[in-house]
Amino acid sequence: MKRIFSLTFLLLTISTMLSAQIVDPVKWTHKSQVRGQELTVSFTANIDPTFHLYAMDIPEGGPQKTEFTFETLDGLKVKGPTKVSNGKLIKTHDQAFDMDLSFYENTVTFEQRFKITGSPYKLEGFVFFMSCNDGMCTPPTRYEFTITGEADIAAKEDTPADAATTPAAPAATADSETPADPAATVDSLAAAAPAPVSAEGLWTPVIDKLEAFSNGATKGDDSGRAHSWWYILIAGFIAGLVALITPCVWPMIPMTVSFFLKRTKDRNKSIKDAVTYGISIIVIYVGLGLLITVIFGASALNSLATNAVFNIIFFLLLVVFALSFFGAFELTLPESWTTKLDAKADATTGLLSIFFMAFTLCLVSFSCTGPIIGTLLVEAATSGSMLYPAIGMFGFALALSLPFTLFAMFPSMLQSMPSSGGWLNMVKVVLGFCELALAFKFLSVADLAYGWRILDRETFLCLWIVIFALCGMYLLGWIRLPHDDDPDPSERVSVTQLMLALVCFSFSMYMVPGLWGAPCKAISAFAPPMSTQDFKLGEDAIVTYHSYEEGMEAAQRAGKPVLVDFSGFGCVNCRKMEAAVWTDPQVKNIIDNDYILIELMVDDKTALPEIEVVQENGKDVKLRTIGDKWSYLQRYKFGANAQPFYVLLDGKGNPLNGSYSYDEDIDAYVNFLKTGLNNYK
């Protein structure tokens, strides 16, 4: 048991360190050489010491193998397969994938030959690869390259353009073996940005100037993160309490506690066994959270929040969970799993026996707890940190394990427990309504990212109003589902049912004014932004530009400073800021009258008219969507990649104050805006 706790603590520590940074463990370079009518291109991967790069012959169902794709072959013809010219292949059996895998460590060089059939020649393509270490994996990533040359050049080496001299588009010369120095002066990168940089200077990096204003700190960063950590922990704890009062778990409490009390006449030992049982539940669920993190990796978890495909999958998943709670079907695990674990618990003794008993509880209760755990993991995974699934599972398991320990310590309390009955089924149905409402949040993210406009704000509110009104009707007994018991004519509605129905109806009524444009701050984190509302009464929304260049041009014409809002359709904290801070009369008045507002959505999936190629960290990066462009602008000009992110600029793109992130302190935000105005004047 001590080993289990030590391993859990070690994994938590590693996850904490990794979640605070963007991981980029593989650095690629390439060079080319011409001999006669043959071109040889060498690709070298420099791998961080703790990571490994998967080889080119990974079996199906395993991790992403290293693949070379040649998209453009002008004047060239592929000659033979890609081979390894330098590097040691390591083969091992991977327990996670249950297969034999091969990979490289430290350094490996791949070589590909081409026959030159025309001059000048041009080669474009990318390397698709994945790297892992013992604690995490990076998502599959592309290294893109462009190589051009003349057939009569005897030998040519592609040199990665230095950030200070490279033009905006990929140069006619390719990259050398030496990557660009990441510590190069930031302002020297201006020449490598897209066309607007050289034309107006609006893309010129201002990272140093922002740090000078804020002394290296971004206003709101700490408060936003602390809020999220506590939010996930508390959400997990509440989910665990809810899971306790489901038909699969509630009857297990007196049965399990009675088993511990009858197992030995020594009450102290019974209490010790019950505590061990509770700790085992925590270890199992925290392990599940860490497993989710290890499988997906930090970068993948961060991308889930704004990935439209994943949000659609989550929407369908939560709808399935809701239907299960409504009684359409039951989610169950194979009975053989429970039988084997039960037999294991009987066959073993001591701490191991108790651990297997806890595992059996987790499997037996899956039909009720599975949807709750799934919802919690979805919410944690899309909250933007590698550690959140483990934190959420810790809160869930803590709440789930508490009654087993408390009732073992104070067995007389068992007599005061409400007996099982139809009320447990009512809990499941109410949870089903909550699952269904939450599902539309994820559908909304995909709808906004792709611009379908099938779930605008008023449509979303209509669905929620109906869902919670139906939930209130169910609690009052006006609606019955097939798996509900037939009502007793003499049975009356309990006070608890009445109060919960009152909450549901009140919540529905609270949302009704939102159909005409009321902010409804309580649901701002879930509902689509006000900009999707077609019908509004009262004041108009703040005039907003959605193009950086157009907004800056408007600011120059009006002689006003600029508030740039880097946001996202799937950004929960962005919606909270808009509802809690921007609707404040003082804040709205300042933004409306004194600033030009530019809102840039980093997850906008609208395709650019043509792909833009930029250099970042010595690599050619292709910007395919509007979201890609604004995300690159945030990283390149301001050195940040989290949302919400607010910066105040003058008409030339220079900062007027430090940056501001998630913090619902209205006075602080007003001071942030007024300081920028004073510096502008």
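Trainee: Is Lys629 buried or exposed?
Mentor: This is a predicted model, where local features need pLDDT of at least 70, side-chain atom pairs count only at pLDDT 80 or more, and totals for chains, interfaces and linings use all residues. Residues are numbered from 1 along each chain as its sequence is written, and side-chain values use heavy atoms, leaving out hydrogens and water. Buried means under 20% relative accessible area, exposed over 50%, and partly exposed in between (1.4 Å probe, protein chains only). With a relative accessible area of 13%, Lys629 is buried.

Trainee: Which residue forms a salt bridge with Lys629?
Mentor: A salt bridge puts a side-chain nitrogen of Lys or Arg within 4 Å of a carboxyl oxygen of Asp or Glu. Here the closest N and O atoms are 3.8 Å apart, and the partner of Lys629 is Glu612.

Trainee: How many residues apart in sequence are the parts tied together by Glu144 and Arg624?
Mentor: Helices (H or I, at least four residues) and strands (E, at least two) are DSSP runs, numbered from the N terminus. Glu144 forms a salt bridge with Arg624. Glu144 lies in strand β11 and Arg624 in strand β16, so the pair ties together parts whose separation in sequence is 480 residues.
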